[in-house]
Amino acid sequence: MPDNVEGPGIDRAALRADCANCFGLCCVALTLTRSADFAIDKDAGKPCQNLQEDFRCGIHTELRDRGFPGCTVYDCFGAGQKVSGETFDGQDWRRAPQTAQQMFQVFPVMRQLHELLWYLTEALSLEPARPLHVEIRRTLDETERLTHLPADAFRELDVAGHRDVGAELLLRAATLVRATVPRKKKRDHRGADLIGARLRGADLRGADLRGAYLIAADLTGADLCLADLIGADFRDADLAGADLTSSLFLTQAQLNAAKGDAATRLPPSLGRPAHWDR
């Protein structure tokens with residue numbers, strides 16, 4: 001799927017995390033709970049023990065081996081650099097501690113807006129969803145406007161309500177696209193418990209897998225073209241040889257959480273996770 005769309009669409013490069021231009025916000029603002037994903041407990045607002053003075057992670061290349069696979073999966077969709085460089089004008093929370101609390105509150109809201117921008121930008125590239133493009137573009141433009149609000153305005157922002165509007169549009173867009181799959185019966189697995197499911201070689205073209213739990217599922221060689229994958233949980237799912245080239249609303253975070261190989265086919269807008277080559 002193209003990274004740019006005609007008109008005022010968002011360049012997806014701005015919706016990818018740029019840690020070099022962020023004040024380590026995901027390493028401070030978020031809560032960590034000791035689990036298989038994180039080796040420590042950490043309260044929101046407290047810097048992770050691995051965060052260095054230059055806001056880089058001290059164990060970045062060893063996160064999975066050191067018990068922090070959850071960090072390798074997390075994606076801020078570019079919210080970190082937006083909050084750091086624009087909302088707070090490059091003033092970091094260490095040199096200006098009076099900004100810290102507000103900055104840490106703005107960051108998760110900005111992340112939700114940027115995630116929505118990612119999905120809406122993709123929806124504008126879907127030809128079968130063209131009847132909705134005017135509405136989608138209008139919602140995208142409004143979402144983009146919200147990301148440029150001053151920090152004080154985020155406190156009153158009804159981000160949940162705005163996301164609901166976007167989610168309804170994305171569902172309608174996905175429905176139009178899935179309808180182009182020549183199947184007598186579309187597979188509806190929305191929110192389904194498919195943990196550990198044996199789906200090797202499954203024909204899941206045009207399937208509704210929104211919010212499905214695919215943890216540790218065997219999807220080796222499965223065809224997921226035009227399947228709606230928004231919110232699907234792919235932790236430890238095996239995507240070796242699977243075809244995801246035209247999957248709907250797939251994100252880098254979902255791929256990072258899964259397993260795959262050189263034969264896994266991906267959309268051009270997403271990258272092959274480094275740990276797949278191990």
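Asp89 counts as exposed because its relative accessibility is 67%, where exposed means over 50% relative accessible area, buried means under 20%, and partly exposed lies in between, with a 1.4 Å probe and protein chains only. The place of Asp89 is in the loop between helix 2 and helix 3. Helices here are DSSP runs of H or I with at least four residues, strands are runs of E with at least two, and both are numbered from the N terminus. Phi of Asp89 is near 50°, a positive value in a residue other than glycine. Most residues other than glycine have a negative phi.

Before I continue, a word on the model. This is a predicted model, in which local features need pLDDT of at least 70 and side-chain atom pairs count only at pLDDT 80 or more, while totals for chains, interfaces and linings use all residues. Residues are numbered from 1 along each chain as its sequence is written, and side-chain values use heavy atoms, with hydrogens and water left out.

Is Phe249 buried or exposed? Phe249 is buried, because its relative accessible area is 0%. Phe249 is found in the loop between helix 5 and helix 6.

In that loop between helix 5 and helix 6 we also find Ile230. Ile230 counts as buried because its relative accessibility is 14%. Phe249 is among the residues that Ile230 touches, as are Tyr119, Leu170 and Leu248, when residues up to four places away in sequence are not counted. Contact means heavy atoms within 4.5 Å. Ile230 also touches Arg210; the two are 20 residues apart along the chain, and their C-alpha atoms are separated by 5.0 Å.

A further residue of this loop, between helix 5 (159-178) and helix 6, is Ala217. With a relative accessibility of 1%, Ala217 counts as buried. Leaving aside neighbours within four places in sequence, Ala217 is in contact with Leu194, Gly196, Ala197, Ala237 and Asp238.

Now to a residue in a helix. Gln102 has its place in helix 3. Gln102 is partly exposed, because its relative accessible area is 22%. Which residues does Gln102 touch, not counting residues up to four places away in sequence? They are Phe88, Ala151 and Asp152. Gln102 and Phe154 are 52 residues apart along the chain, and 9.4 Å separates their C-alpha atoms.

I now move to the whole protein. It has six helices and zero strands. Read along the sequence, the pattern is therefore α-α-α-α-α-α. The radius of gyration, taken over C-alpha atoms, is 19 Å, which agrees with the value near 19 Å for a compact globule with 278 residues; the globule rule is 2.2 Å times the number of residues to the power 0.38. The C-alpha atoms fill a box of roughly 60 × 45 × 25 Å along the principal axes. Of the 278 residues, 50% are buried.

Finally, the pockets. Rolling a probe the size of a water molecule over the atoms shows where empty space is left. On a 1 Å grid over the protein atoms alone, a pocket is an open set of points where a 1.4 Å probe fits, with protein on both sides within 12 Å along at least five of seven lines, and lining residues have an atom within 4 Å of a point.

The largest pocket holds about 1,200 Å³ of space, a volume being the space filled by probe spheres set on the points. Of its 48 lining residues, Cys19, His60, Cys71, Thr72 and Tyr74 are the closest to its centre. Helix 1 (69-73), helix 2 (79-87), helix 3 (100-124) and helix 6 (252-257) are the elements that give two or more residues to this lining. By class, the lining has 26 nonpolar, 14 polar and eight charged residues; Ala, Val, Leu, Ile, Met, Phe, Trp, Tyr, Cys and Pro count as nonpolar, Asp, Glu, Lys and Arg as charged, and the others, Gly among them, as polar.

The second largest pocket has a volume of about 520 Å³. Val73, Asp233, Arg235, Ala253 and Ala257 are the closest to its centre among 25 lining residues. Which helix gives the most to this lining? Helix 6 does, with four residues.
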